[in-house]
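User: I'd like to go through this model and hear what stands behind the labels. Can you take my questions one at a time?

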Amino acid sequence: MTDVPDYTPPKVWTWNKDSGGRFASINRPIAGATHDKELPVGRHPLQLYSLGTPNGVKVTVMLEELLALGHAGAEYDAWLIRIGDGDQFGSGFVAINPNSKIPALLDRSGPAPVRVFESGAILIYLAEKFGAFLPTAPAARAECLSWLFWQMGSAPYLGGGFGHFYAYAPSKIEYAIDRFAMETKRQLDVLDRRLAETEYLGGAEYTIADIAVWPWYGALAKGLLYGAGEFLDVAEYRHVQRWTDAIAQRPAVRRGRMVNRLSGEPASQLHERHDADDFDTKTQDKMTGA
Ligand SMILES: N[C@@H](CCC(=O)N[C@@H](CS)C(=O)NCC(=O)O)C(=O)O
């Protein structure tokens, strides 16, 4: 292992604003709003405030899947929250998610608006509201929720651990990259062994467990996260590859991954979604004439 300069933590931690790294300008040690800003509200029952990151994609895929099943009540406006510009610290957003992270949902279909934050909570809320993608039989429901919560607990090691130290930290620290590469490969192996037994994570049926796990581990398996496909030898996880490819072909998944997306081919980016037609008329290639 290479030597790293020793660091002796002070008695009391203080905030070093110039700590470096990709997100140094937006990370803060305090919660709450930094500025007053109302959120826009569209005409649909569901208002989503989000960004096309893996956590955001879970919700737009779920909403597109519900619409594909014919649930008209799942019509939604997807507003763009630019986290690099600090939109998540506006007062309106913080009122919906005191944790200042996308995605956040406001359900205005009832007499009083209902706020929901945390992508896992949003998936369960929508699944229960529409009676879809979450089995009701106790054993199947328990298996589905186990994998859903596996994602919520595991992905921070992938994103905040591996991704951060492999791709974003201001210097490459061998100890940190080793530790989180090992954990990330272990997680891929967990998924691979499960998917060797069953078609989907919950069992024979596609559920919110797949909708939660796919945007993270499907993208990782295709080398789309942190440029780490070769480093982690993702091709070796054959069952994860099979599952990833099958989900990627679902029409609702193709639509959901376009919403609030700010990178990639202009034709794959629909910055805001207010109507089903927007996928045909408002992608970035059409907005900019690219
Ligand atoms: N556990 C949360 C994680 C959400 C999350 O980390 N969102 C990131 C983008 S993927 C974010 O909004 N970051 C902004 C920030 O940290 O200021 C969830 O699943 O909803």
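User: What volume does the second largest pocket have?

Analyst: About 240 Å³. Some background: this is a predicted model, where local features need pLDDT of at least 70 and side-chain atom pairs count only at pLDDT 80 or more, while totals for chains, interfaces and linings use all residues. Residues are numbered from 1 along each chain as its sequence is written, and side-chain values use heavy atoms, with hydrogens and water left out. The volume is the space filled by probe spheres set on grid points, which are joined across faces, edges and corners.

User: What makes a residue part of the lining of that pocket?

Analyst: A lining residue has an atom within 4 Å of a point of the pocket; on a 1 Å grid over the protein atoms alone, a pocket is an open set with protein on both sides within 12 Å along at least five of seven lines. Here 14 residues line the pocket, and Asn16, Ser19, Gly20, Ala24 and Asn27 lie nearest its centre. By class, the lining has six nonpolar, six polar and two charged residues. Ala, Val, Leu, Ile, Met, Phe, Trp, Tyr, Cys and Pro count as nonpolar, Asp, Glu, Lys and Arg as charged, and the others, Gly among them, as polar.

User: Why is H1 called oblique to H6?

Analyst: The axes of H1 (residues 54-68) and H6 (residues 208-221) cross at roughly 140° and come within 8 Å. Under 35 degrees is roughly parallel, over 145 roughly antiparallel, 65 to 115 roughly perpendicular, and the rest oblique. So H1 is oblique to H6. The axes are lines fitted to C-alpha atoms, for helices over the stretch in contact, and angles run from 0 to 180 degrees between N-to-C directions.

User: Which residues of H1 and H6 make that contact?

Analyst: From H1 come Pro54, Asn55, Val57, Lys58, Val61, Met62 and Glu65, and from H6 come Ile208, Ile211, Ala212, Pro215 and Trp216. Contact means heavy atoms within 4.5 Å. This set holds nine nonpolar, one polar and two charged residues.

User: And what makes H3 roughly antiparallel to H6?

Analyst: H3 (residues 119-130) packs on H6 at about 150°, with the axes 10 Å apart. That angle makes H3 roughly antiparallel to H6. Leu123, Ile124 and Ala127 of H3 meet Ile208, Ile211 and Ala212 of H6, a contact with six nonpolar, no polar and no charged residues.

User: Why does H3 get that label with H4 too?

Analyst: The angle between H3 and H4 (residues 138-168) is about 155°, and their axes are 10 Å apart. So H3 counts as roughly antiparallel to H4. Contact residues include Leu123 and Glu128 of H3 and Arg141 and Phe149 of H4.

User: How do you know that the bond from isoleucine 102 to proline 103 is cis or trans?

Analyst: By omega: it is near 0°, and the bond is cis. Proline 103 is in the loop between H2 (91-96) and strand E3 (104-107). Serine 100 is found in the loop between H2 and E3, and has a positive phi of about 55° although it isn't a glycine.

How values were computed
1 Å grid on protein atoms, 1.4 Å probe; cavity = no way out; pocket = protein on both sides within 12 Å on 5 of 7 lines; lining within 4 Å. Helix = DSSP H or I, 4+ residues; strand = E, 2+ residues; numbered from the N terminus.
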